[in-house]
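Visitor: I would like to learn how to read a structure like this one. Please show it to me and take me through it.

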Protein chains: 2
Amino acid sequence: MTAKIYAVGVGPGDPELLTRKAARIIRSAAVICAPTGAADAASYALSIVEDLIDPSRQEVLPQVFPMRKDQEGLEAFWDEAAAQVAARVRAGRDVAFITIGDPFLYSTFLYLYRIFQERYPDIPVEIVPGISSINAAAAAAGVPLGMAAERIAILPTTYEDDELRRTFADFDTVILMKVNRVFDRIYALLKELGLERKGVFVRRVGSADEEVIFDLERLVGEKLDYLSLLIVKK
Amino acid sequence: MTAKIYAVGVGPGDPELLTRKAARIIRSAAVICAPTGAADAASYALSIVEDLIDPSRQEVLPQVFPMRKDQEGLEAFWDEAAAQVAARVRAGRDVAFITIGDPFLYSTFLYLYRIFQERYPDIPVEIVPGISSINAAAAAAGVPLGMAAERIAILPTTYEDDELRRTFADFDTVILMKVNRVFDRIYALLKELGLERKGVFVRRVGSADEEVIFDLERLVGEKLDYLSLLIVKK
């Protein structure tokens, strides 16, 4: 068997929300790559799966991907991470790159994936889907994402008010990711559209700090978590 | 502990794509409710999890929900199903209602959920999220759903061409569910928009019959599967 990279979605936080396939691969891969936001920071993905890992026979390789708005200079971190992964796969060792949520939905892995497609096309990559924070947040809040003919929009960041107005008009369910920095503006827009009672804010879903908040008004002016999202269902 | 209903997403087809939580609940629930499309049809959800079930100590309760365009008369099936489930929960038995994909994303369970909210508000319902066919299809095709600032739209059925044109203009990734009946019209629209090489058709993801097709033209005029979707990524 040729060695490969597995991009493994480990779900939003609860270790029970790992798939059985993810658990099997994490238990057996020779190398576990765990992204962190800073050299001195713990990897959230790693904390979800650490019970599955045996450091006496598996290498745990933390990789730093600084989180910042300014993307400049980040390429160097990705290039170095890709080279580290590629060296291990070419030496015949399977690498599991763990990522919270689903690897193909706004994950850390996607930057690495692009580099592998462009520069290491000989190295096989298998994507192992995971429970995304969107599905987990909807479940925790008891708010269905969509049934029958309902249309769903997912916006990773917040756009101009006019674009948002159009999206709210065209879609039945709108999911705003990473809403933390612009919540007050979004809340004002929801009020203008008469939707302020149609939203639910979910933070740190699947973790011990999970919170589901229907009373959006009380979040105005608060400092909000990075790991949070807003589901608005008309 | 009060008995409850668990709505358990069992993923798109591969038993390994069940979460560990779903597996635990299916192993332990006193009753497993399995939806089928017709009285003489097998339950696809049940086929995914049957290895986990012990009929000597668990009741397997198939429930028929006819699949048809005309919704009239379906309410009676849902009412009967809800009453069967409610009777078991009130007798102190946990019920796991299994559903393919994720329970809150276009699932069979959502009709039952509405009935429970309206008519059995005393019965607790816990939603156990599952891997949706969308995440699994993207993984199988190697096509990321969205990264960075990309916007995603999910359309459960197909709309008027003008609405579709607008959605393709506004979003980076468009997922068309249940595209089977209108594929030829959609393909013509994609050609008009110059997007016919930007789509991937995935059928029966996670099953032995899984197929990933990038050459959309060869599907024109074909009879297509109900369990299929189209991801268009600009």
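Visitor: Through which surface do the copies meet?

Guide: This is a predicted model. Of the interface residues of chain B, 100% are also interface residues in chain A, so the copies meet through the same surface.

Visitor: What is the order of the strands in the open sheet of chain A?

Guide: The strands of a sheet pair through backbone hydrogen bonds, in either a parallel or an antiparallel way. In chain A, five strands with parallel pairing form an open sheet in the order E3-E2-E4-E1-E5. Strands E3 (59-64) and E5 (125-128) of chain A stand at the edges with a single partner strand each, so one side of each has no neighbour in the sheet. On average, neighbouring strands are turned by 25° against each other, direction ignored.

Visitor: Over how many bridges do E2 and E3 of chain A pair?

Guide: E2 (residues 31-36) and E3 of chain A pair in the parallel sense over six bridges. Thr36(A) stands opposite Val64(A) in E3(A).

Visitor: Which strands does helix H1 of chain A touch?

Guide: Helix H1 (residues 20-28) of chain A packs on the sheet and touches E1, E2, E4 and E5 of chain A. The direction of H1 makes about 135° with that of E1(A). Helix H3 (residues 74-90) of chain A lies across E1, E2, E3 and E4 of chain A, at about 160° to E3(A).

How values were computed: Residues are numbered from 1 along each chain as its sequence is written. Chains are lettered from A and ligands numbered from 1 in the order in which they are written. This is a predicted model: local features need pLDDT of at least 70, side-chain atom pairs count only at pLDDT 80 or more; totals for chains, interfaces and linings use all residues. Side-chain values use heavy atoms; hydrogens and water are left out. Two strands pair if DSSP finds at least two bridges between them. Helices (H or I, at least four residues) and strands (E, at least two) are DSSP runs, numbered from the N terminus. Axes are lines fitted to C-alpha atoms, for helices over the stretch in contact, and angles run from 0 to 180 degrees between N-to-C directions. Contact means heavy atoms within 4.5 Å.
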